[in-house]
Amino acid sequence: MTSDAVARDVAPFAMTIGGEPVATEQTFGVINPATGEVFAESPDCTAEQLDLAVDAATQAFRQWSRDEDRRRRAVLACADVIEAHAEQLAALRTREQGMVLKDSLRFARRWPARIRDFATIPIPVEVVQDDDVARVELRRRPLGVVAAIAPWNFPVLLAMAKVVNALIAGNTVVLKPSPYTPLTTLRIGELLCDVLPPGVLNVVAGGDDLGSLLTHHPGVSKISFTGSVEAGLQVAAAAAKDLKRVTLELGGNDAAIVLDDVDVDRVTDALIDQITFNCGQVCIAVKRVYVHEHVYPALVEALAERAGSLRLGDGMDPDTDMGPLCNAMQVERVTELVDDAKAAGGQAVTGGQRPARPGYFYPATIVTNVSDGVRLVDEEQFGPVLPVMPFADVEDAVRRANATTYGLGGSVWSADTARATEVASQLECGVAWVNRHTRTDYRVPMGGWKSSGIGVERGVQGLD
């Protein structure tokens, strides 16, 4: 990491409105989750500045929406700029969010490729009728100003998916990052000032009040939101007042069903990845595991051994296996759910207690002797914790996996792919995997059933 890259991540930050960096006297502190201390200041957007951002996007929309080739070239140029600053952005992301630096670097180097992939998705013209009577074409048209509200767990990846789809479709964007992780997004806004026409992409930072002002703003035509179910309901209610279009990617409580013929070592590696990668703060990560009783003891033992050997530490430390959770709210929630499970008779076979150290750390934790009806099983913990439960009958496991208000993702694990595929087809969720979990492709639309969301992102369907 160059000294310039490290130095820039604590320099003053500005919002981007109308193609120009904009400072404000109002600021709020951004906390390093590895220390629990403020390490940088973020601008706090005022209502007047938000109006300026929406107005700038409105003014830019007319010309931007007219030329698809120009849009695609501009988005590809954005990828080049982000690629040139990947190391700087990765270090900043780790500082404000906690992800282990090697993973931040891997993702930062992947962002440009994802942007280029999104930029190649076609906007089809569908011919509904073409005969002697008439020719009828179905053409997709841009909506206007899109409010993109990104979460703190993947502040850049999920924001860029929203932004690039919107821009390619011909819309302009006002992007609001989470107040927990505004800095990397603000920096990207600064970097793209010289790439995109003024007003096409505006980045504003602030708290929940700013999010409410944005979703209620009369100049916004569409809201793309990723976050909790509770916040998503508020966004939907705000949008309903003037019939704004919405895409909501909300929480998940993904189940993994492990059948009786698996390779225990392979499944152990995969499930440990689910709780160590980004400290388990992944919407579509495995959150509960149903294991056939024949392999249950061996799998629990292997999971406990692997989880207990992981090294907690600052994500900037190359020896760290798992960094901190992103914020105090999240580590308190994980602690509360594990403590509740233990009070209900659950056993933490490894982990299960917050360490006595600064920062928002929680160890990788495997919990047994729990079942449906315990909050750790029924709710989304969003942390490095897995409740692992036995089953005897596959149909019962499927029923239990589906007995939830969530429906984002799920997976089935077996040496027999055809058998696993048949079981996976019964899961009530947006994406069902076989012998893997969380891996996605830009061509595959992502969205959830039930309380996990409305609409999809990515792929042609996301562009629609």
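# Close-up views of a predicted model

**View 1. Val173 and its contacts.** Setting aside neighbours within four places in sequence, Val173 is in contact with Val146, Ala148, Val163, Ala166, Leu167, Val200, Leu201 and Asn202. The model shown here and in every other view is predicted.

**View 2. The largest nonpolar core.** Val173 returns here as a core member. The largest nonpolar core has 92 residues. Val173, Val174, Leu175, Leu196 and Val204 touch the most other members. Which helix gives the most to this core? Helix α6, residues 157-169, does, with eleven residues. A second core, of 55 residues, is separate. Its members include Ile257, Val286, Ala302 and Val398. In soluble globular proteins, nonpolar side chains tend to be buried together.

**View 3. Helix α3 against helix α5.** Helix α3 spans residues 68-84, and helix α5 spans residues 101-119. Their axes come within 8 Å. They cross at roughly 175 degrees. An angle over 145 degrees counts as roughly antiparallel, so α3 is roughly antiparallel to α5. From α3, the residues in the contact are Arg72, Val75, Leu76, Ala79, Asp80, Ile82 and Glu83. They meet Trp111, Pro112, Ile115, Arg116 and Ala119 in α5. Which classes make up this contact? It has eight nonpolar residues, four charged ones and no polar ones.

**View 4. The ring pair of Phe118 and Tyr442.** A pair of aromatic rings is described by the distance of the centres and the angle of the planes. The count for this model comes to six aromatic pairs. Phe118 and Tyr442 form an edge-to-face pair. Their ring centres are 6.5 Å apart, with 85 degrees between the planes. Phe118 lies in helix α5. Tyr442 lies in the loop between β18 (431-434) and β19 (453-454). The pair therefore ties together parts that are 324 residues apart in sequence. Are the two residues buried or exposed? Phe118 is buried, at a relative accessible area of 3%. Tyr442 is buried too, at 18%, because buried means under 20%.

**View 5. The ring pair of Trp152 and Phe382.** The ring centres of Trp152 and Phe382 are 5.5 Å apart. Their planes stand at 80 degrees, so this pair is edge-to-face. Trp152 lies in the loop between β7 (145-149) and α6. Phe382 lies in the loop between α13 (375-378) and β16 (385-391). The parts tied together by this pair are 230 residues apart in sequence. Trp152 is buried, with a relative accessible area of 12%. Phe382 is buried as well, with 10%. Elsewhere, ring pairs link Phe107, Phe154 and Phe277 into a cluster.

**View 6. Asn327 in its loop.** Asn327 is found in the loop between α11 (296-308) and α12 (328-343). Is Asn327 buried or exposed? At 3% relative accessibility, Asn327 counts as buried. Asn327 and Phe361 are 34 residues apart in sequence. In space, C-alpha to C-alpha, they are 9.4 Å apart.

**View 7. Thr368 in strand β15.** Strand β15 covers residues 365-368 and holds Thr368. Thr368 is buried, with a relative accessible area of 7%. What does Thr368 touch, not counting residues up to four places away in sequence? The answer is Tyr296, Val300, Gly346, Gln347, Val349 and Val388.

View 8. Phi of Cys279 is near 60 degrees, a positive value in a residue other than glycine. Cys279 lies in the loop between α10 (264-276) and β13 (286-292). At 2% relative accessibility, Cys279 counts as buried. Arg458 also has a positive phi, near 80 degrees. Arg458 is found in the loop between β19 and α16 (459-463). Arg458 is buried, with a relative accessible area of 9%.

**View 9. Asp208 in helix α8.** Asp208 belongs to helix α8, residues 208-216. Is Asp208 buried or exposed? Asp208 is exposed: its relative accessible area is 68%. Asp208 and Pro179 are 29 residues apart in sequence. Their C-alpha atoms are 8.1 Å apart in space.

Methods: Residues are numbered from 1 along each chain as its sequence is written. This is a predicted model: local features need pLDDT of at least 70, side-chain atom pairs count only at pLDDT 80 or more; totals for chains, interfaces and linings use all residues. Side-chain values use heavy atoms; hydrogens and water are left out. Helices (H or I, at least four residues) and strands (E, at least two) are DSSP runs, numbered from the N terminus. Buried means under 20% relative accessible area, exposed over 50%, partly exposed in between (1.4 Å probe, protein chains only). A nonpolar core is a set of buried Ala, Val, Leu, Ile, Met, Phe, Trp, Tyr and Cys residues joined through side-chain atoms within 4.5 Å. Contact means heavy atoms within 4.5 Å. Axes are lines fitted to C-alpha atoms, for helices over the stretch in contact, and angles run from 0 to 180 degrees between N-to-C directions. Angles under 35 degrees count as roughly parallel, over 145 as roughly antiparallel, 65 to 115 as roughly perpendicular and the rest as oblique. Ala, Val, Leu, Ile, Met, Phe, Trp, Tyr, Cys and Pro count as nonpolar, Asp, Glu, Lys and Arg as charged, and the others, Gly among them, as polar. Rings of Phe, Tyr and Trp (its six-membered ring) pair if their centres lie within 6.5 Å; planes under 30 degrees apart count as stacked, over 60 as edge-to-face and the rest as tilted.
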